[in-house]
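Q: I would like to learn how to read the local features of a protein model, one at a time. Could you walk me through this one?

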Amino acid sequence: MNSFRDSRPAAADRPPRQPPPLPQPTTGLRQRLSELRGPGVRPRPLDARALAALAANPGCRRRSLLDGAGVDKAALAGALGSPAPFGQSQFALARGNSFEARVKADDGVDLMRLLHERMDSGAAAPEPGGVAVPDLSAAGPEGRAARTALALREATAAGGWTLLDHPMLTLEVAGSPAYLEPDAVVVHPDGGWTVVEIKSFPMIDGAADPAKVGAAARQSAVYVLALERVAAQVAAATGRTVPVRDQVLLVCPKDFANLPTAEAVDIRKQLATTRRQLRRLTQVEEIAGQLPPGTTFDLRLADDGRTVTRSAEELAEAVDAVDAAYAPECLAACELAFHCRGRSRAAGAVESLGRGVRGELGGLRTVGEVLEAAGTERADGCTGTGADDQGSADGHPDTESSPDAPAAEALRRAAALRTEALAAARRAQAEPHGPDGAPAVEDAVEEAPCR
């Protein structure tokens, strides 16, 4: 019988294969992004909150460029004179950190118990001391991301419960790398991976604020997308398919106490939406290449590192060189929203009224076009039409040939109804008694001023 000895080292002795590095910007693009931030300015890292907001508005080239370049949008908004009056208070941050430490105490005993009860009751319950908690410390975000990928691979092969506390994940967004840090990732005995999101808002009688749960689900969807990239690397290295679960464990305080409770949140809808929206993002290199030469968002801070020496007018010119897609939802998600809202209102753009209104108005882009489509200006300064003002003879778009005919016709009809209602209100105010001799309505509708 012929036999041979494999000269390669045993699997346990072979050095683990490192995941391929995340695609980095080219040297030219890296230099251009550095010029946009300013000399010596460190890039501001993207987090899952910013990515979720970016995915919710993929048409905003301004945010894509500023986030991709790592520009501090909060400092930029302050220098423009439109600071964003929102942000998490220090008290809320301290409360959140305290609750997270409570959940993860004793190697995450309470966390693992909740996860087993809510998401994997069929597996063997994790015993105290039986949960592996690997050390994920390394130099820099790149080192931490590589260490996390290695820990996930080893935990999947081990086949037990493993808790990864604040792992570092990577995701490519519009041609630029983003480093993400979820609260925790759990590896199940069957090899599946679950994202854990710990929030400080309460679950009262088993239910939490739907808006806050939705925001947490969108944020978790970004983490799951990054985990899927690591799972693909593990599958390529080992030939074993790793399931990344599309349910995440949301851990919150129970009622008004500091005791943790949890629920499994299905994020399939948010995952599909975020994946599709991130793919639609225009590449940062393409946006940067269309800027006028010399464009930069450098604040030119003084020696104290806080005082802005560049004029607001010059900064506004640089910011306005990049197209924005403002919507009222931006006010809760973007530091530059108040600057963009002011510009949108000054231009009379209908987007400032909301995406729903914008969709209903078709090709009518400005408030002036909407008022013109609705009717002509009356002597009292309001805009509207009478019930008999129809057709194209009055200067309105032809309802049969204009591409905006449905919107224009609906606007004229609404203006006519408004005129009739105001006329009826004026008649009711002028008559001491109603037509049938009954007392007139005392609280007749007053004419509202134009807005």
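A: Gladly! Let us start with a term: two strands count as paired if DSSP finds at least two bridges between them. One caution before we use it: this is a predicted model.

Q: Which residue takes a positive phi in the hairpin of β4 and β5?
A: Gly191 does, with a phi near 95°. This hairpin has five residues between its strands, and β4 and β5 pair in the antiparallel sense over four bridges.

Q: In what order do the strands of the open sheet come?
A: The general idea is that strands of a sheet pair through backbone hydrogen bonds, either parallel or antiparallel. In this model, five strands form an open sheet in the order β1-β4-β5-β6-β7, and the pairing is mixed. β1 (162-165) and β7 (260-266) are the edge strands; each has a single partner, so one side of each is left without a neighbour in the sheet. On average, neighbouring strands of this sheet are turned by 25° against each other, direction ignored.

Q: How many bridges join β1 to β4?
A: Four, and the two strands run antiparallel. Among the facing pairs, Asp165 has Ala184 in β4 as its bridge partner, and Leu163 stands opposite Val186.

Q: Which helix packs on the sheet?
A: Helix α7 (residues 210-238) does, touching β4, β5 (193-198), β6 (247-253) and β7. The direction of α7 makes about 150° with that of β5.

Q: Are the residues on the two faces of β4 buried or exposed?
A: For this one you need a cut-off: a residue is buried when its relative accessible area is under 20%. Both faces of β4 are covered: Ala184 and Val186 are buried on one side, and Val185 and Val187 are buried on the other.

Q: Are Asp205 and Arg300 buried, partly exposed or exposed?
A: Asp205 has a relative accessibility of 74%, so it counts as exposed. Arg300 counts as partly exposed, because its value is 38%.

Q: Where is Thr295, and what does its side chain reach?
A: Thr295 is in the loop between α9 (284-289) and α10 (312-320). Its side chain reaches the backbone oxygen of Pro292 at 2.7 Å. Thr295 is buried, with a relative accessible area of 10%. If you set aside neighbours within four places in sequence, Thr295 is in contact with Arg32, Leu36 and Ala318.

Q: Why does Asn57 count as buried?
A: Asn57 is buried because its relative accessible area is 12%, and the cut-off is under 20%. Asn57 sits in the loop between α2 (48-56) and α3 (61-69). Leaving out neighbours within four places in sequence, Asn57 is in contact with Ala325, Cys330 and Arg355.

Key. Residues are numbered from 1 along each chain as its sequence is written. This is a predicted model: local features need pLDDT of at least 70, side-chain atom pairs count only at pLDDT 80 or more; totals for chains, interfaces and linings use all residues. Side-chain values use heavy atoms; hydrogens and water are left out. Buried means under 20% relative accessible area, exposed over 50%, partly exposed in between (1.4 Å probe, protein chains only). A polar contact is a pair of N or O atoms within 3.5 Å; within protein, one must be able to donate a hydrogen and the other to accept it, and residues adjacent in sequence count only if both atoms are side-chain atoms. Contact means heavy atoms within 4.5 Å. Axes are lines fitted to C-alpha atoms, for helices over the stretch in contact, and angles run from 0 to 180 degrees between N-to-C directions.
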